[in-house]
2 protein chains.
Amino acid sequence: MPAESPVVADLSEQDLLDRIFPHLPVGSRTLVPPGDDAAVVVAPDGRYVVTCDVLVEDVHFRRRWSTGEDVGRRAAAQNLADVAAMGARPVALVVGLVVPGGTPVAWVEGLARGLGDACRPLDVGVVGGDLSGGPTIVVSVTAHGDLEGRAPVLRSGARAGDVVAYAGRRGWSAAGLALLSAGLPETDPGLTAFYRAPTPPLDAGPAAARAGATAMLDVSDGLLRDASRIARASGVTLHLEDPAVAFVQDASRLAGAAAALGADLTQWLLTGGEDHGLLATFPPGAPLPEPFGAIGVVSSRGSDLVLVGGEPPRAVTTGWDHFGD
Amino acid sequence: MPAESPVVADLSEQDLLDRIFPHLPVGSRTLVPPGDDAAVVVAPDGRYVVTCDVLVEDVHFRRRWSTGEDVGRRAAAQNLADVAAMGARPVALVVGLVVPGGTPVAWVEGLARGLGDACRPLDVGVVGGDLSGGPTIVVSVTAHGDLEGRAPVLRSGARAGDVVAYAGRRGWSAAGLALLSAGLPETDPGLTAFYRAPTPPLDAGPAAARAGATAMLDVSDGLLRDASRIARASGVTLHLEDPAVAFVQDASRLAGAAAALGADLTQWLLTGGEDHGLLATFPPGAPLPEPFGAIGVVSSRGSDLVLVGGEPPRAVTTGWDHFGD
C-alpha cells in the first residue's frame with residue numbers, strides 16, 4: 001500500500017469510512033446516528049420535507065475544475081436549497097457515494113469535508129449513506145427539512161397581484177462555468193468559486209414562508225425556466241422587469257466576465273442555472289424579507305407564462321436538460 | 001426519433017419522467033407528492049427512520065442477468081429491509097437515478113415498474129427523485145420509515161441469555177448468483193430469481209419490535225459478518241447452531257445447486273450476502289413472531305464474536321467489501 005497518495009482501492013471499505021466520518025456532523029436533531037441499519041431523526045411537527053439531487057462527474061462537475069471540497073459543498077448546497085425553497089429549515093442529509101478505485105483518498109476526504117463545512121453551521125446532520133465502487137464518481141444526496149409548523153410553500157400558490165422576488169446571486173454560476181470553459185478563470189475568481197460551490201441564501205426560505213410567500217422554488221435551471229414553472233403550476237403569468245435593472249448588482253459584477261468572453265450577460269441573468277437562488281411570490285404590500293428584492297409582478301394568465309420587460313423572452317425554452325431537447 | 005426501441009437519449013428529460021411516473025405509487029402518507037422542490041411526508045410520532053443504499057451496474061447487478069424490473073424490485077427491497085430492521089414500517093422512498101443515453105427506455109420503465117411493484121402493496125410512496133445522464137446505471141435509493149411510537153431496535157441491545165433468531169431466506173442470493181455466474185441458471189430458477197429480486201420478510205421487522213427484540217439488523221453482507229456486528233455493538237458473543245440444522249429448509253433447497261456447481265452450501269448459508277433476511281435477538285422465553293426461527297443464543301463476550309456449532313467459524317471475515325480486503 002503506497003504511503004503517500006493512496007487511492008480508494010488501497011483501503012478497505014471500513015478504512016475509507018473511518019477517513020470520511022470525522023468530517024461529518026451528526027446534527028443535534030439526530031436520535032440514532034449513522035452506524036446502524038438506518039438513522040432516526042426528529043420531526044417535531046409530525047412531517048418532514050425530503051428531496052434528492054444527484055451529481056455525476058463530467059456531467060455536473062469536472063475534477064480538473066473542482067476539488068472534492070467544492071463538490072461536497074455544492075452537493076449539500078443544492079439539496080439544502082430545495083429544502084429551503086419549501087420554506088423549511090434543513091435538518092439532515094444522507095449521501096450515496098460511488099467512487100472508482102483509482103480516486104485519491106484525499107479527494108474523498110475533501111468531499112466529506114465540503115459536505116461537513118456546508119452542513120455544520122446549519123446544524124444539519126449527515127445521518128447516513130452508502131459507499132460503492134463504480135466507473136465514475138456519483139454523489140447522490142437526499143436532504144430533509146423541518147417545516148416548523150408552517151404550511152409548505154409550493155410552486156402553485158402565486159396569485160394575480162403578487163410581487164415576484166428573488167434572493168441570491170443571478171448568473172454567477174453560468175459566468176463562472178463559461179470562464180472555466182474558456183480557460184480564463186482568473187478573470188473573476190469569485191465567479192468561478194461560486195460555480196464550483198454556490199452559497200444559496202438558505203435562511204431566506206423559512207423567512208419567506210414566515211413573511212407569507214405564496215409560491216417559491218429554487219432556481220436551478222435558469223430564471224426563465226423556473227419562473228415558467230411557477231407560472232404553469234399557479235395558472236398565472238409572471239412579468240419580470242428588465243434583468244439589467246432587476247439584477248443591477250449582478251449585472252455589474254458579470255460585466256467583466258462578459259467583456260472578456262464576448263458573452264451576453266443578459267443571457268446569464270435570464271437562463272444561467274445552478275445559482276440556487278430562491279424565486280418567490282409575495283402578497284402585494286407584504287414586506288420582503290432580506291435578501292429578497294422585487295423583480296416583477298404576477299398577473300392572471302396571458303398568452304405567455306413569462307414576460308420580460310413586457311415582451312416574450314427570446315430564450316424561454318433554454319435551460320438544463322440531461323438527455324435532449 | 002426511432003419509433004420502436006427508443007433509448008434514453010431519444011427523449012427529453014420530461015418525456016422520460018412522463019414514462020416513469022405512472023408506475024410509481026404516491027403513498028397515502030405523502031402530503032406533497034413529487035413535482036415541487038421537495039415532497040412532504042407525514043411522521044406521526046415525531047421521528048422518522050432514514051437509510052440509503054446504492055446499486056451500480058456491473059458492481060451490484062448485470063443487465064444481462066437482471067431486467068429493469070428486477071433491479072427496481074431489488075433496490076426497493078434492500079432499502080425497505082434496512083427500515084424494517086430498525087423495527088419500523090416503511091413509508092417512502094426517493095430515488096436518484098443515473099442512466100447512460102444509450103439505455104433502452106423500456107429498461108428504465110421496467111425499473112420504475114419494479115420499484116412500484118415492490119412499494120405499492122406496502123403503501124410505500126416513491127415521493128421524489130432525480131434523474132441524470134452518466135456513463136453507467138446507478139440507482140441510489142433513500143428509504144424512510146415510521147417507528148409507530150416504538151423505540152428503534154438497534155444492533156447494540158443483545159444481552160447474554162437472549163435467543164438469536166432469523167427471518168427470511170439464507171444463502172439463496174449467493175447460490176442464485178453462483179448459478180448465473182456458471183451459466184447454469186436453469187438448475188434452480190427460484191434461486192436465480194431470488195438473487196435478482198430478493199423478497200425480504202419486511203413485516204417481520206415491526207413484528208420483532210412489538211415482540212421485544214433487543215437487537216436486529218438486515219443481513220446484507222452474510223450471516224457471520226452481520227452477526228459479528230451485533231456481537232461487537234452489544235459486547236456479547238453470538239453462538240449459532242450448525243447451519244445445516246438451523247437452516248435445514250434452506251440447506252435442502254440449496255443442495256441441488258451445490259451439487260451442480262460442486263459448491264459448499266454451508267458457505268452460502270454462513271457467508272452468502274444480499275438475502276436481506278432479519279437477524280434479531282429476543283429475551284429468553286419471548287415468543288418469536290412468524291417467520292422468525294431460533295438459530296442460537298447470546299452469551300457474555302468470549303474470545304470470539306461469533307461461534308458456529310461451538311467453534312470459531314472458518315470464514316468469519318468473508319463478506320462483501322467494495323474496495324478491498
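Two strands are taken to pair if DSSP finds at least two bridges between them. Strands (E, at least two residues) and helices (H or I, at least four) are DSSP runs, numbered from the N terminus. By these criteria, β3(A) and strand β2 (residues 39–42) of chain B are joined by four bridges and run antiparallel. Within this pair, V49(A) stands opposite V40(B).

The model is predicted, so local features need pLDDT of at least 70 and side-chain atom pairs count only at pLDDT 80 or more, while totals for chains, interfaces and linings use all residues. Residues are numbered from 1 along each chain as its sequence is written, chains are lettered from A and ligands numbered from 1 in the order in which they are written, and side-chain values use heavy atoms, with hydrogens and water left out.

The pairing of β3(A) with β2(B) belongs to an open sheet of six strands. The strand order is β5(A)-β4(A)-β6(A)-β3(A)-β2(B)-β1(B), and the pairing is mixed. β5 of chain A and β1 (30–32) of chain B stand at the edges. Each has a single partner strand, so one side of each is left without a neighbour in the sheet. Neighbouring strands are turned by 25 degrees against each other on average, direction ignored. Axes here are lines fitted to C-alpha atoms, for helices over the stretch in contact, and angles run from 0 to 180 degrees between N-to-C directions.

At the chain B end of this sheet, β1(B) and β2(B) run antiparallel and share two bridges. T30(B) has V41(B) as its bridge partner. Two helices of chain A pack on the sheet. Helix α2 (residues 68–84) of chain A touches β3, β4 and β6 of chain A. Its direction makes about 145 degrees with that of β3(A). Helix α3 (residues 105–119) of chain A touches β4, β5 and β6 of chain A, and its direction makes about 170 degrees with that of β4(A). Contact means heavy atoms within 4.5 Å.

Another open sheet of six strands has the order β1(A)-β2(A)-β3(B)-β6(B)-β4(B)-β5(B), with mixed pairing. Its edges are β1 of chain A and β5 (125–132) of chain B. One side of each edge strand is left without a neighbour in the sheet because each has a single partner strand. From one strand to the next, the twist averages 25 degrees.

In this sheet, β2(A) and strand β3 (residues 47–56) of chain B run antiparallel over four bridges. V40(A) has V49(B) as its bridge partner in β3(B). β1(A) and β2(A) are also antiparallel, with two bridges. T30(A) is bridged to V41(A). The hairpin of β1(A) and β2(A) has six residues between the strands, and G35(A) takes a positive phi near 130 degrees there. Within chain B, strand β4 (residues 89–98) and strand β6 (residues 138–146) pair in the antiparallel sense over nine bridges. V98(B) stands opposite V138(B) in this pair. Helix α3 (residues 105–119) of chain B lies across β4, β5 and β6 of chain B, at about 170 degrees to β4(B).

The size of an interface is often given as the accessible area lost when the parts come together. Chain A and chain B bury about 4,900 Å² between them, 61% of it on carbon and sulfur atoms. This buried area is the accessible area (1.4 Å probe) that the two parts lose on being put together, summed over both. The contact takes 67 residues from chain A and 67 residues from chain B.

Four salt bridges are counted between the chains. A salt bridge is a side-chain nitrogen of Lys or Arg within 4 Å of a carboxyl oxygen of Asp or Glu. One of them links R155(A) to D36(B), with the closest N and O atoms 3.6 Å apart. Elements of chain A that each supply at least two residues to the side touching chain B include α1 (13–20), β3 (47–56) and β8 (215–219). The largest share, nine residues, comes from β3(A).

Some backbone features lie in loops. A cis peptide bond joins E290(A) and P291(A), with omega about -5 degrees. P291(A) is in the loop between β10 (277–282) and β11 (293–300) of chain A. In chain B, the peptide bond from E290(B) to P291(B) is cis, with omega near 0 degrees. H276(A) has a positive phi of about 60 degrees although it is not a glycine. H276(A) is in the loop between α10 (265–271) and β10 of chain A.
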